[in-house]
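Trainee: I have a model open and want to learn how to read it. Where do we begin?

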Amino acid sequence: MKITVLMGGVSAERNVSLASGIRIVEALKERGHDVAAVDPAKGVIDQVELKRLSETVVGVTPPSLEDLANLTKKSLRIDLLLLPEITNADVLFLALHGGQGEDGVLQGALEMAGVPYTGSGHLGSAIAMDKNLSKVLFRAAGVNTADWLMAPQPVERVEQELGFPVVVKPSKQGSTVGLTVVKSKEQYEGAVQEAFKFDDEVMIEKFVPGRELTVSVLGEEALPVGEIITKTELYDYHSKYTSGMAHEVFPANISQSATKLMQEQAVLAFKALKLRGYARADFRLTPEGDMFCLEVNTLPGMTSLSLLPQAAAAVGIGFGELCERIAKEAILIEDPVAR
């Protein structure tokens, strides 16, 4: 297949996307495919740049807002739909995270151009990116999720309805960018202001104590439940992308009944948000045994430390096979007769 991997972009998760994309390019080439790479912020990535990127690391912090603003200005000069690497590809493998790569904007443009791409469609992508709307649909579908409010809210109402601690986060970001666990009234306003730097909508969510668990969905099948054990209080950007800061266990050491229920909840959330292809649902499991779905990521990370590849490996699906399955599924979605 002729596959073009889209990576980078102008979101705060740019560096994570590049790390995912490089790994996908290398894996698909090893499987014998004709693979190109494109950064929506800069254009076609040549072999020299690919090699340089393969030798870099994600880093412990996301790019600065100033750097992202400068990249955004440059990206406006690039018309992706005029690039032969886009229009001539059998399928586009979206390794973008956050922002316009994951919120349905790019997906809608590609659908209008008739270019097959991996992951969820424009509607599902947009719904899942909006944490507020996602949680409304979770509740309607019977997926358990923590109580929440949307900012701005007076601290008195937050304390009365949710209690402290709460999690304050941008409504349409990932990788815990702009997220703060607020433990007291005094920390509240600063956390809200910080989150508003990254999004025009901010969620205030009741903090759920307990274990950090995740379920990836491939097709409409739930993969093994995984547990993330961190050296820090929060599974934050630093913990996610720094080797040794977190330990992932697949399958998680939980009961069969809890495993089955969490997998069912993940698939239910997947369907409630109208997703397709693959995704990853994140959960908290309280000491009392209650589980809460935090969110669903429609383009989960594919770095060497990412959770979806580890979940696939737990059932014998290697990284190259995983990437190939995702790409082939995208073509079948575009052309159901090919099934």
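Mentor: Begin with one pair of residues. Leu6 has Leu94 as its bridge partner in strand 4. Keep in mind that this model is predicted.

Trainee: In what sense do strand 1 and strand 4 pair, and over how many bridges?

Mentor: The general idea comes first. Strands of a sheet pair through backbone hydrogen bonds, either parallel or antiparallel. Here, strand 1 and strand 4 are parallel, with four bridges between them. They belong to an open sheet of four strands, ordered 3-2-1-4, with mixed pairing. Strand 3 (43-44) and strand 4 are the edge strands, each pairing on one side only.

Trainee: Which strand pairs are antiparallel?

Mentor: Take strand 9 (residues 211-218) and strand 11 (residues 226-230): they pair in the antiparallel sense over three bridges. Leu213 has Glu227 of strand 11 as its bridge partner. Strand 11 also pairs with strand 12 (residues 246-249), again antiparallel, over four bridges. There, Thr230 is partnered by Ala246 of strand 12.

Trainee: Now the core. Which residues have the most contacts inside the largest nonpolar core?

Mentor: In soluble globular proteins, nonpolar side chains tend to be buried together. In this model the largest nonpolar core holds 49 residues, and Val5, Leu6, Met7, Ile24, Leu92, Phe93 and Met302 have the most contacts inside it. Elements giving two or more residues to this core include strand 1 (2-6), helix 1 (14-30), strand 4 (91-94) and helix 14 (319-334). Another core, of 26 residues, lies apart from it; Leu213 and Phe270 are among its members.

Trainee: What is Ile24 in contact with, leaving aside its neighbours within four places in sequence?

Mentor: Ile24 touches Val5, Phe93, Ala95, Met302, Phe319 and Cys323.

Trainee: Which residues of helix 6 are buried?

Mentor: Leu106, Gln107, Gly108 and Leu110. These buried residues pack against strand 1, helix 4 (84-87), strand 4, helix 5 (99-102) and helix 7. After helix 6 comes Gly114, with a positive phi near 75°.

Trainee: How do I describe a helix pair?

Mentor: Two packed helices are described by the angle between their axes and the distance between the axes.

Trainee: Which residues make the contact?

Mentor: Helix 7 supplies Ile127, Ala128 and Met129, while helix 8 supplies Lys131, Leu133, Ser134 and Leu137. By type, that contact has five nonpolar residues, one polar and one charged.

Technical notes: Residues are numbered from 1 along each chain as its sequence is written. This is a predicted model: local features need pLDDT of at least 70, side-chain atom pairs count only at pLDDT 80 or more; totals for chains, interfaces and linings use all residues. Side-chain values use heavy atoms; hydrogens and water are left out. A nonpolar core is a set of buried Ala, Val, Leu, Ile, Met, Phe, Trp, Tyr and Cys residues joined through side-chain atoms within 4.5 Å. Buried means under 20% relative accessible area, exposed over 50%, partly exposed in between (1.4 Å probe, protein chains only). Contact means heavy atoms within 4.5 Å. Two strands pair if DSSP finds at least two bridges between them. Ala, Val, Leu, Ile, Met, Phe, Trp, Tyr, Cys and Pro count as nonpolar, Asp, Glu, Lys and Arg as charged, and the others, Gly among them, as polar.
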